Amino acid sequence: MAAAKEDTAKKTTAPKEESARIEDYAIIGDLHTAALVCVDGSIDWLCLPRFDSPSCFGKLVGTSDNGFWRIAPEGAGRSTRRRYRPDTLILETEWDTEDGRVRVTDFMPIRDDVADLVRVVEGLSGSVRMRSELALRFDYGHVVPWVTRNERGIRAVAGPDAVTISTPAPLKGRDMRTVSEFTVDEGERIPFVMTWNPSHLRPPVPVDALNALESTDGYWDTWSRASKVHGPYAEALQRSLITLKALTYVPTGGIVAAATTSLPEQLGGPRNWDYRYCWLRDATLALQSLLTAGYTSEAKAWRDWLLRAVAGDPSKLQIMYGLNGRRRLPEETLDWLSGYAHSRPVRVGNAAADQLQLDVWGEVLDGLALTRATLRTGDDASWNLQCALIEHVQKIWQEPDNGLWEMRGPRRHFTQSKLMVWVGADRMVRASEKFNLKGPVDKWKRFRAEVRKDILTNGYDAEKNTFVQSYGSTDLDASLLQIPRVGFLPGDDPRVIGTIEAIQRELTEDGFVLRYRPQASDDGLPGGEGVFLACSFWLVDALIGAGRKDEATELFERLLTLRNDVGLLSEEWDTKNNRQLGNTPQAFSHFALVRSGFHLLADESPTSDRPMSIPSNGGRNR
């Protein structure tokens with residue numbers, strides 16, 4: 001194979017490639033990063049060595065020139081079927097052809113010193129002609145590596161990155177890609193092992209593919225057996241929990257919002273963001289879901305990540321951080337990428353990290369209150385930090401902010417932002433009284449009462465009998481569904497019922513909930529977006545709290561039908577074209593799914609600072 005010169009990928013005038021649907025993708029990962037595998041057997045997204053590293057397969061947000069790796073029968077398109085092995089993150093994709101049946105098993109062994117991606121081609125019947133086509137493109141599809149042969153296969157190097165491909169199948173270079181054409185017979189298994197390591201180090205010895213398959217299967221099976229999930233929605237809940245585990249960066253415990261960047265909220269539009277970071281507002285949803293499911297160690301790791309990330313000057317608190325708590329996440333656009341379905345720009349980094357969003361102080365204090373109540377850490381050393389956080393909030397709570405939806409329009413007084421300020425004060429009062437923690441409790445009580453009065457005076461429209469998005473506005477916002485969730489008002493309060501019904505009338509499409517109406521809310525961006533899946537799960541929770549369980553169950557079961565064939569949800573749903581939108585798989589959607597499922601199982605909707613209690617399954621397996 002001729003060595004390929006390192007170069008930058010130039011813009012091309014080749015015909016536009018049609019993007020696969022977002023729901024066509026499944027995820028595999030090693031708890032440091034993740035790859036997206038299309039239903040046609042192509043890996044179109046992978047960042048190495050971490051979730052937030054530059055991609056080496058970037059076709060998802062560009063074209064095949066930006067990197068991919070497809071293994072499939074010659075001339076075949078979409079697979080006949082695919083599935084995850086039960087309770088694992090091991091993907092099995094099968095094709096039925098005229099010459100026989102074949103399976104490709106994709107997985108990433110749990111990370112050791114290097115990152116491995118393993119693909120095993122297995123003949124199930126007959127004799128099937130196969131084709132592997134690999135295009136490694138580092139730095140978000142920008143750099144073509146220098147490729148050389150070795151005794152096991154090939155090694156590709158570009159700057160800090162080195163990848164080896166090891167396989168017994170023949171490999172040859174063709175048009176700056178690596179191709180393998182071979183036949184697999186019934187009972188035969190042909191492995192391909194891709195290994196990343198820093199280019200300045202010696203190439204590692206590749207893993208044994210079949211041994212790695214067995215150990216990876218064992219890891220996920222053991223992890224899933226620890227789950228308390230059972231009941232009619234057990235499969236959906238456990239698949240969501242496995243997905244959330246897959247989005248966890250194990251070295252720090254941080255959980256990324258999604259594995260991808262720039263999958264659009266509107267096809268062809270500019271609402272494309274980088275979600276490969278950790279959002280503070282995911283804290284309570286994450287903790288409540290993990291603790292209820294029995295995953296205490298994951299919950300503790302997330303709590304510890306949270307405490308490290310927010311440590312320091314309370315005035316410098318951000319809404320999101322990097323995987324290791326990194327604060328600087330400068331946003332830039334990658335103009336050489338055409339975008340998913342030609343939705344530009346493709347962004348890396350996220351400028352929303354610099355926004356003022358008052359709700360995050362409350363989200364942090366709410367999450368820590370939950371872990372204190374659940375893990376019984378009443379004397380935890382984080383109390384002084386929490387006192388500093390609430391002290392700072394008291395100084396700034398009357399400022400307008402960008403709100404939890406990270407609007408890039410004018411700042412305003414969002415009702416949900418004030419609500420979470422109230423939550424912060426409430427949790428501090430309760431913690432001090434219940435756990436005998438020292439602090440100015442009377443001052444916090446007065447502050448809590450002041451914020452509550454402010455919300456009821458300015459955030460509630462008595463004429464419409466509904467809370468509103470922001471002070472002085474009549475617009476609705478799905479975040480108002482969280483009012484009973486955080487304990488501000490009971491779920492059957494007439495003002496809560498009025499808000500639920502207003503949202504059902506005015507803020508839904510096909511029964512699913514929008515975040516807000518972009519045209520009315522002046523969020524600083526053109527165009528619209530799909531329905532926001534987490535918000536529809538919030539409506540499920542609100543309906544349970546309002547005593548309307550049958551209605552909640554019907555909506556929850558409809559939402560489950562929006563998952564793809566392997567149980568994954570993205571951020572949004574396009575009700576007109578019946579397809580997923582936004583980054584995928586989306587932690588916010590899956591956390592909300594798990595929480596709603598537990599609520600239905602328990603037949604209650606506890607507040608966010610309380611651990612959920614689900615009925616025992618009587619020792620029965622899922």
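Predicted model: local features only at pLDDT ≥ 70, side-chain atom pairs only at ≥ 80, totals over all residues.
Trainee: Let's start with strand E3. Is E3 largely enclosed by the rest of the structure, or is it open?

Mentor: Look at both faces of the strand. Ala 34, Leu 36 and Cys 38 on one side are buried, and so are Ala 35 and Val 37 on the other. Five of the five residues of E3 (residues 34-38) are buried, so the strand is largely enclosed.

Trainee: Which residue of E3 is the bridge partner of Ile 28?

Mentor: Strands of a sheet pair through backbone hydrogen bonds, either parallel or antiparallel. Strand E2 (residues 25-29) and E3 take the antiparallel sense, with five bridges. In E3, the partner of Ile 28 is Ala 35.

Trainee: And on the E4 side, what is the bridge partner of Ala 35?

Mentor: E3 pairs with strand E4 (residues 42-47) in the antiparallel sense over three bridges. Across in E4, Ala 35 has as its bridge partner Leu 46.

Trainee: Which residue in the turn between E3 and E4 has a positive phi?

Mentor: You can compare two hairpins here. In the one formed by E2 and E3, four residues lie between the strands, and Leu 31 has a positive phi near 75°. The hairpin of E3 and E4 has three residues between the strands, and the one with a positive phi, of about 90°, is Gly 41.

Trainee: Where does the cis peptide bond at Pro 49 sit, and what is its omega?

Mentor: Most residues other than glycine have a negative phi, and most peptide bonds are trans. Pro 49 lies in the loop between E4 and strand E5 (55-57). The bond joining Leu 48 and Pro 49 is cis, with an omega of about 5°.

Trainee: Which residue does a cis peptide bond join to Arg 344?

Mentor: Go to the loop between strand E22 (332-333) and strand E23 (347-348), where you will find Pro 345. With omega about 5°, the cis bond joins Arg 344 to Pro 345.

Trainee: Now E16. What is the bridge partner of Arg 131 in that strand?

Mentor: Strand E10 (residues 115-135) and strand E16 (residues 177-185) run antiparallel and are joined by eight bridges. In E16, Arg 131 is partnered by Glu 181.

Trainee: What about Glu 406: buried or exposed?

Mentor: Glu 406 is in the loop between helix H7 (383-396) and helix H8 (415-435). Its phi is near 60°, a positive value in a residue other than glycine. Buried means under 20% relative accessible area. With 15% relative accessibility, Glu 406 counts as buried.

Trainee: What is the volume of the largest cavity?

Mentor: There are five cavities of 30 Å³ or more. The largest cavity is lined by 23 residues, and those nearest its centre are Tyr 275, Trp 405, Glu 406, Arg 515 and Glu 571. By class, this lining has 12 nonpolar, two polar and nine charged residues. The space in the largest cavity is about 320 Å³.

Trainee: And what is the volume of the second largest cavity?

Mentor: Its lining includes Asn 402, Trp 405, Phe 414 and Asp 477. The lining residues divide into five nonpolar, six polar and one charged. The volume of the second largest cavity is about 60 Å³.

Trainee: Last one: which strands stand at the edges of the open sheet of three strands?

Mentor: The order in this sheet is E28-E29-E30, with antiparallel pairing. Each edge strand has a single partner strand, so one side of each is left without a neighbour in the sheet. The edge strands are E28 (531-532) and E30 (579-581).

Conventions. Residues numbered from 1 in each chain as written. Heavy atoms only, no water. Pairing = 2+ DSSP bridges. 1 Å grid on protein atoms, 1.4 Å probe; cavity = no way out; pocket = protein on both sides within 12 Å on 5 of 7 lines; lining within 4 Å. Points joined across faces, edges and corners; volume = space filled by probe spheres on them. Nonpolar A, V, L, I, M, F, W, Y, C, P; charged D, E, K, R; others polar. Buried < 20%, exposed > 50% of the residue type's maximum accessible area, 1.4 Å probe, protein only.
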